[in-house]
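Notebook open, structure loading. I'll jot down what I look up as I go.

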Amino acid sequence: MNVLLALAIGTTFGIAVLWLLRGSLWSLLLGLALLGHASHLLIFVGGGLAVAAPPLVAEGALAPAAGAADPLPQALVLTAIVIAFAILAFALVLAVCAGDAANTDDLDAYGGESQ
Amino acid sequence: MHWVIPCLVAAGCLIPALGRWWNGRVPLIASAVPAAIAAVSIWQQSLLAAGEVVQFHAPWVPSAGIAWAFRLDPLGNLFVGLIAGIGTAVVAYSAAAYSGDARLPRLHGALFVFMAAMLGIATADDLVVLFLCWELTTVSSFLLVGFDHQTEAARVAARRALLVTATGGLALLTGFVAISVVAGTTSISTIVASGDLLRAHAAYPWILGCILAGAFAKSAQFPLHFWLPGAMKAPTPISAYLHSATMVKAGVFLLARFSPVLGGTDAWFAIFVGIGATTMVLGATAAVAQDDLKRLLAYSTLSVLGLLTLLLGLGTPIAARAFVVTWMAHALYKATLFLIAGNIDHATGTRSLTALRGLRGALPATAAAGIIAAVSMGGAPPLFGFLAKETAYEAVFEAPRWAGLLGSLTVASAVCLVFAALRSGVQPFWDSGRGATPVLRALPIPMQAAPVALGTLGLVAGMLVGPAERFWIAPAALAINQSAAPTGLSLWHGFTPILAASAATLALGALVFTNRARVVPWVGRFAPWVATGPSAIWDAGWRVLLQGARWQTSQLQNGSPRRYVATTLAAALAVIAVGLPWGTIVGAVHEIAPFEIVALAAGLLVMGGSLITLRAPTPLAAVAALGAVGVGVSLVFLVYSAPDLALTQLVVEVLTVVLFALVVRLLPRAKTQTMGSHRPSAIVLATIGGVLMAGLSLLASQPGLLEPTSAYFELNSVALAHGRNIVNVILVDFRSLDTLGEIVVLTVAALGAVSLLARRRATSTGGIAP
């Protein structure tokens, strides 16, 4: 199963890179969103893959049952999801404003001497 | 000393502010501060010579063993006396010379900071404190050399002096770190007492090289000598202080300080004697050809600095003694001569030696000081300079190796210095055949008194050789070389070969002086190389560096956002590619976590969704595919025991899709539908990135690869935080600061978005942006 997830992460990351390097405002946003998904999954699988064993402590017990999922990557990913969303929302608004100002989708027209 | 230094630094920082308040006047009384320090230093010297040790030690960074430590020993205290004594004259002199100038408080501010740093170098007993003071002198001397910052030449000179000495400072830092690692301490007195520890260590050549580079850059040794003549763009009292008496001596002082533990090896001897002799000869010959009074003094200073290095390299007790005597004598007579150059410049408006003559009538006090200093520099009795030359000759003639060669080079340089002394200290005042140079401005009293006082000190020191030797010279030499030189220095010690050499030097120097019309142009043909040769190489090096930086910037930061992203990604991927253990990853391919039908669906959803974005017919279709990816991610979280994440991800994904759908409408549409195929470079980077990330995730999901850090949270979640959902406990309790940061990011992003939208609404309705 980890191989499938690895393939999914790799594919998502690669496509995110493609979008980021496309040189258009719209594709930059898509790339950013996909990059977030790939990164979150990557951190998540870092904790190992435990099925049906959430990191909860049962009533009366002092520690979770053996084999429970690692709580730390989950906490990190939870934080990351929220931050990624905040950044993405800001980037969306920024893109709208930038598009208003420059009236083009072509990122290379936003300054710089390159083509 | 431990409180004097911070106080002086504070005073230096306050003076510019106070000076503005006092209407640009810094009273002459400011020179009472260094005068008091000098008095304390003289009083302390008698105690130190009797074997007493004065030290101060306060912990600074105890965990690293770094202390705010100072220690007065005879060598350091001698330096303190010179710094404070000459500092007194320089502060008084510059207060008079720049009286009424609005820039005087700035000058004095930097001067006080510099003085504090120099006192720190002389007394520090901790490598870190020493290095701090060392760099402080570099910075404050940059401010002082570039004092006249409105002229291009002063800025160039200041920058070059800064670059040379600061580069040397980096080398010195490396050397200090190496020393502290080898010796296991940063305490200088412990290191100096460590015997053969450093010399026997395998890193000795590196330590020696680093320390030498730093000290030689500071003390302007060949081939790093060129910044010193350039630094003559500084105000003359500053040149007197920094570039003859104190800062350039810091390098040789440091070497003298460490010579008990670094010196005595063949490498030490060869490098010191080689570089010292080269600097000595080049400086002396170049001095002969100079027409500018200050540049002549600068080159003769180079020559003496070379001699000091040479003497340190010899490593004999009499060489250590000659080092101390030359060091003291040079500080006194050269500071005097610089102040005289300042007086002449102030009074006549020129420093050109061909234009200056017959000033003894108009500037009698200056002339008297000039002659005293010139006699000392030339090395004639009864001045201290005579003793310096006698002891130096004695040490060089009895050098362990190459005595004949070194002896003749030293005598030849001394002949040039006699010439330079006559030319700088006597000729401007005599030679009135064609009428005296007109005097345009009168000299204030302190400007006349300062060189006279310093010159007289040289005379007094020469007359009172006995006490000077007992209290200053012998104890300081003992700090450099543990075996004592025979005592009994005196101006007269019978007819010896040394006396003959001394007399011959004076006679030859006078002979050259009388034939200067022929000698100066002849030497002048070689002198420019000394001035410009290495400095041209240095400048070319900097040009190449700057051009390289410009090229690199134009390549990496050409203003195209796409290029920025590509560069950043490529650099990050390169780091990952190098760091990944591929063998482990290949092994992990065979390992399959428990098969789950939902997980299979989720993985395919993620993969398929991202692939579909590439081929989506409309932007809205791409948004839908993006939503599918998000739902897939949420499912992965759900299957693999992260219900909180699954919920959050689902909520966020819904919001994201809604936002995207709203934004699609508002973005400019020009290219969204007409995009060409992807660039080959982007495809290559994407493929490499995808493979690397897949490999990284295979590696990361390996069980038992690294010890998880979660055990603490698992064990303490209930016990300490009374929570049963460990993820929640981590977020709101164990790592609540992270969560606070997350909330801050969210708030800032929301505020930014809202204000951008408000601005947009205002402009689109024709209103004015808030």
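First, a term I need: helices (H or I, at least four residues) and strands (E, at least two) are DSSP runs, numbered from the N terminus. With that settled, I found A:His37 in helix 2 of chain A.

Ground rules next. This is a predicted model, where local features need pLDDT of at least 70, side-chain atom pairs count only at pLDDT 80 or more, and totals for chains, interfaces and linings use all residues. Residues are numbered from 1 along each chain as its sequence is written, while chains are lettered from A and ligands numbered from 1 in the order in which they are written.

**Confidence in chain A.** I checked pLDDT, the predictor's confidence in each residue, from 0 to 100. Chain A averages 86, and 96% of its residues score at least 70. In chain A, helix 2 (residues 25-45) has the highest confidence, at 92, and helix 3 (residues 71-102) the lowest, at a mean of 90.

**Back to A:His37.** Is A:His37 buried or exposed? A residue is buried if 20 or more other C-beta atoms lie within 10 Å of its own, exposed if 12 or fewer, and partly exposed in between, with C-beta atoms placed from the backbone. A:His37 is buried, because 27 other C-beta atoms lie within 10 Å.

Then I looked up its contacts (two residues are in contact if their C-beta atoms, placed from the backbone, lie within 7 Å). Leaving aside neighbours within four places in sequence, A:His37 is in contact with A:Thr12, B:Val629, B:Gly630 and B:Val633. I also noted that 34 Å separate the C-alpha atoms of A:His37 and A:Glu59, which are 22 residues apart along the chain.

**Where the chains meet.** I got 100 residues of chain B in contact with 85 residues of chain A. Helix 29 of chain B gives the largest share of chain B's side, 14 residues. That side divides into 62 nonpolar, 24 polar and 14 charged residues. For the classes, Ala, Val, Leu, Ile, Met, Phe, Trp, Tyr, Cys and Pro count as nonpolar, Asp, Glu, Lys and Arg as charged, and the others, Gly among them, as polar.

**Chain B overall.** I counted 32 helices and two strands in chain B. Its C-alpha trace spans about 110 × 65 × 50 Å along the principal axes. Of its 770 residues, 49% are buried. Among contacts between residues at least 6 apart in sequence, 79% join residues at least 24 apart.
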